[in-house]
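Open the model in your viewer and keep the selection tool at hand. The stops below say what to select next and what is there.

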Amino acid sequence: QVQLVESGGGLVQPGGSLRLSCAASGNIFSIGAMAWYRQAPGKQRELIAIIDNAGTTGYSDFVKGRFTISRDNAKNTVYLQMNSLKPEDTAVYYCWANGVSNYWGQGTQVTVSS
């Protein structure tokens, strides 16, 4: 089993920045790719960015140039640096990891509002 705990969410003004963290514990040696998803009220959960063990990344078009995913394997942590935040980025942000199974964190709320 793998446990994922997100942190770093909160309220930020449009144009501001936040950095989300996701710490993994448990059977961490089984973890391959990790990713960030988000889900806004009334919408489906959507992929934001993904990173594999080698550090190769991929992004959805709607965050390219604004968000950056990174990973510290020594700390078993994946990060999401979010810049130039917009009100439409308001959502619950979830961490995901692929191992023996697929694992999800509990989510952290990000609200972008003036």
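**Stop 1: a charge over rings**

Select Arg45 and Trp104: Arg45 lies over the face of Trp104, 4.6 Å from the ring centre. A charge sits over a ring if NZ of Lys or CZ of Arg is within 6 Å of the ring centre and within 35 degrees of the ring normal. The model is predicted, so local features need pLDDT of at least 70 and side-chain atom pairs count only at pLDDT 80 or more, while totals for chains, interfaces and linings use all residues. Residues are numbered from 1 along each chain as its sequence is written, and side-chain values use heavy atoms, leaving out hydrogens and water.

**Stop 2: the ring cluster**

Now select Tyr37, Tyr94, Trp96 and Trp104, which ring pairs link into a cluster. The whole structure has 3 aromatic pairs (rings of Phe, Tyr and Trp, the last by its six-membered ring, with centres within 6.5 Å; planes under 30 degrees apart are stacked, over 60 edge-to-face, the rest tilted). Tyr37 and Trp96 have ring centres 6.4 Å apart and planes at 65 degrees, so this pair is edge-to-face. Tyr37 is in strand β4 (residues 34-39) and Trp96 in strand β9 (residues 91-98), 59 residues apart; strands (E, at least two residues) are DSSP runs, numbered from the N terminus. Is Trp96 buried or exposed? Its relative accessibility is 11%, so Trp96 counts as buried (buried is under 20% relative accessible area, exposed over 50%, partly exposed in between, with a 1.4 Å probe and protein chains only).

**Stop 3: salt bridges**

Side chains of opposite charge can pair when their charged atoms come close. There are 4 salt bridges in the structure, each a side-chain nitrogen of Lys or Arg within 4 Å of a carboxyl oxygen of Asp or Glu. Select Arg38, Glu46, Arg66 and Asp89, which form a network of salt bridges. Which residue does Glu46 meet in a salt bridge? The partner is Arg38, at 2.8 Å from N to O. Arg38 also forms a salt bridge with Asp89, with the closest N and O atoms 2.8 Å apart. Arg38 lies in strand β4 and Asp89 in the loop between β8 (77-82) and β9, so the pair ties together parts 51 residues apart in sequence. Both Arg38 and Asp89 are buried.

Last, select Asp61 and Lys64, another salt bridge, with the closest N and O atoms 3.3 Å apart. Asp61 is exposed at 63% relative accessibility, and Lys64 is exposed at 52%.

Note on methods. Helices (H or I, at least four residues) and strands (E, at least two) are DSSP runs, numbered from the N terminus.
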